[in-house]
Amino acid sequence: PADAPTQPVAPAVTTQEEAGRFLHQASFGPTQEEINEVMSGGYDAWLYRNYGEERSTHLPQLDSVSTSDDRIAAWWNNVVNGRDQLRQRMAFALSQIFVVSEADLSGSARAFGLASYYDMLSEHALGSYRALLEAVTLHPMMGEYLSMVRNEKPNEAKNIRPDENYAREVMQLFTIGLVVLNEDGSVRGGGNGTPTYDQEVIEGFAHVFTGWNYANSPSWNGSHRDYINPMEPNEDYHDTGAKNLLSGTTLPAGRTAREDLKDALDLLANHPNVPPFICKQLIKRLVTSNPTPGYVSRVAQVFKSDERGVRGNLGAVARAILLDPEARTGHQTVNNFGKLKEPLVRIANIWRAFDARAANGRYFFSSPERELGQAPLRAPSVFNFFSPSFQQPGELADAGIVSPEFQILTESNLVGTTNRLNTITLSDYEGAPNRRLEAVLIQIGRERALAHQPGNLVAHLNRLMMSGRMTTTMRNALIELLDDTPFGDDGTERVIEAIFIIATSPEFAIQA
């Protein structure tokens, strides 16, 4: 269409370092094989191959007696081994925007529901935002988490009023945010801005979201629970009165629950705040914590209309985020570019770089939030593990920049992450003595072949783990350390020492 925005042109890939930087943003970390793939075919070939990959899911990996730890093991398997890396990275980002949490949804039966919820996110991660919004709204785990399931129409005699929880969060967190935005993500009018909604609008949406129950439920308040299939309407409990919503829109009286839901979600999904609000968060999750207004605006335009004139195509949005000039060269041209890696991503980076394999076929990592400060679908609240607007006190806050992931960089989590990396690199490697049955073993045969020349080993690890960003100071110190480390029988000590030092370094912790 004539009004479709100009799509980003994929630049040529000339070095392994460039390919690695792209894969740090687009996946759970580079592997040598995927670096070679990007070098051979270019960015778009990798992206389009990912669009067509079979989806890695959780539910088929669970059995009838699965626990929440089995769900986490399935998540690790998908993010480490899945060929659909772009979809998995987008689903992880979306899971921290459209939050449900096991912190309030415990129990073995709900482990299947949470696995289903994450699979739903991955299903829509490269598809329609509007379809994603409806799937999130009607998933029973969201229904329980934000109390939309069995939300009843008003009944003064029984002192029943529609629950406002989902009505509030679907606007504040999932669609439009608190204040009116410009297309570049800045607050329109400056200052504290103009609120996007008020209490009357919250109440209107609360009435929209009445009358929904678990799928196939024989009664409204029975013991039946379906944690996997979308919720279904029970018209006896849906409010059929007129409802005042956003921008002066009123839904007329006498409509069904599905009719009200459709028009309410259409209204939200088409609000002008949605493109900058959602796109800025996705940029922060994938590329950089402080995107420039121009970067946000360019991606928001693609959200508004892809090359076919379609609104909310998340696959096109992902491509626009990753191929934008700021994503590809921002580390050289933009101040304060980059982001702190989330602890889960740091672990996944190591396991993917070194083809980690579960000795018993299961990626067991029980309760990673105890060591890392986060775990999939275990955020402490609907506001996620950390706020996208968090500013680390001190130098970062003084500079006026945000640093979301620093909110969980506590002393305890920093020590816990370092200890886990110690185990992964110095104990759990292929050929290690006295390894545990449940250990996930990194494969280091390729690196052992380089261990007799520390300079070559460091250069290889720099490309694979850090996309060539290692400073000269760090490189020289690491080579000196390895020169003083005995070669041993096959160079193993040099290899694991080098991987550990890099994995626990501040330079590796930053994605730039």
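Where does glycine 361 lie? Glycine 361 sits in the loop between strand S6 (357-358) and helix H17 (369-372). Helices (H or I, at least four residues) and strands (E, at least two) are DSSP runs, numbered from the N terminus. The model is predicted: local features need pLDDT of at least 70, side-chain atom pairs count only at pLDDT 80 or more, and totals for chains, interfaces and linings use all residues. Residues are numbered from 1 along each chain as its sequence is written, and side-chain values use heavy atoms, with hydrogens and water left out.

Glycine 361 has a relative accessible area of 60% and is therefore exposed. Exposed means over 50% relative accessible area, buried under 20%, and partly exposed in between (1.4 Å probe, protein chains only). The C-alpha atom of glycine 361 is separated by 9.6 Å from that of alanine 439, 78 residues apart along the chain.

Helix H12 (residues 274-286) and helix H13 (residues 293-304) have axes that come within 8 Å and cross at roughly 120°. Axes are lines fitted to C-alpha atoms, for helices over the stretch in contact, and angles run from 0 to 180 degrees between N-to-C directions. H12 and H13 are therefore oblique to each other. Angles under 35 degrees count as roughly parallel, over 145 as roughly antiparallel, 65 to 115 as roughly perpendicular and the rest as oblique. H12 contributes Val274, Pro275, Pro276, Ile278, Cys279, Lys280 and Ile283 to the contact (heavy atoms within 4.5 Å). H13 contributes Tyr295, Val296, Val299, Ala300, Phe303 and Lys304. Eleven residues of this contact are nonpolar, none polar and two charged. Ala, Val, Leu, Ile, Met, Phe, Trp, Tyr, Cys and Pro count as nonpolar, Asp, Glu, Lys and Arg as charged, and the others, Gly among them, as polar.

Helix H14 (residues 314-323) is largely enclosed by the rest of the structure, because ten of its ten residues are buried. Among them are Leu314, Arg319 and Leu323. Asparagine 313 caps the N-terminal end of H14. A side-chain oxygen of asparagine 313 lies 3.0 Å from the backbone nitrogen of glycine 315.

Two glutamines are found in other helices. Glutamine 85 belongs to helix H5 (residues 85-95). Its relative accessibility is 0%, so glutamine 85 counts as buried. Glutamine 172 belongs to helix H9 (residues 165-172). At 17% relative accessibility, glutamine 172 also counts as buried. Leaving aside neighbours within four places in sequence, glutamine 172 contacts Gly177, Leu178, Tyr197, Phe277 and Phe383.

Definitions and conventions:
Polar contact = N/O pair within 3.5 Å; in protein donor to acceptor, adjacent residues only side chain to side chain.
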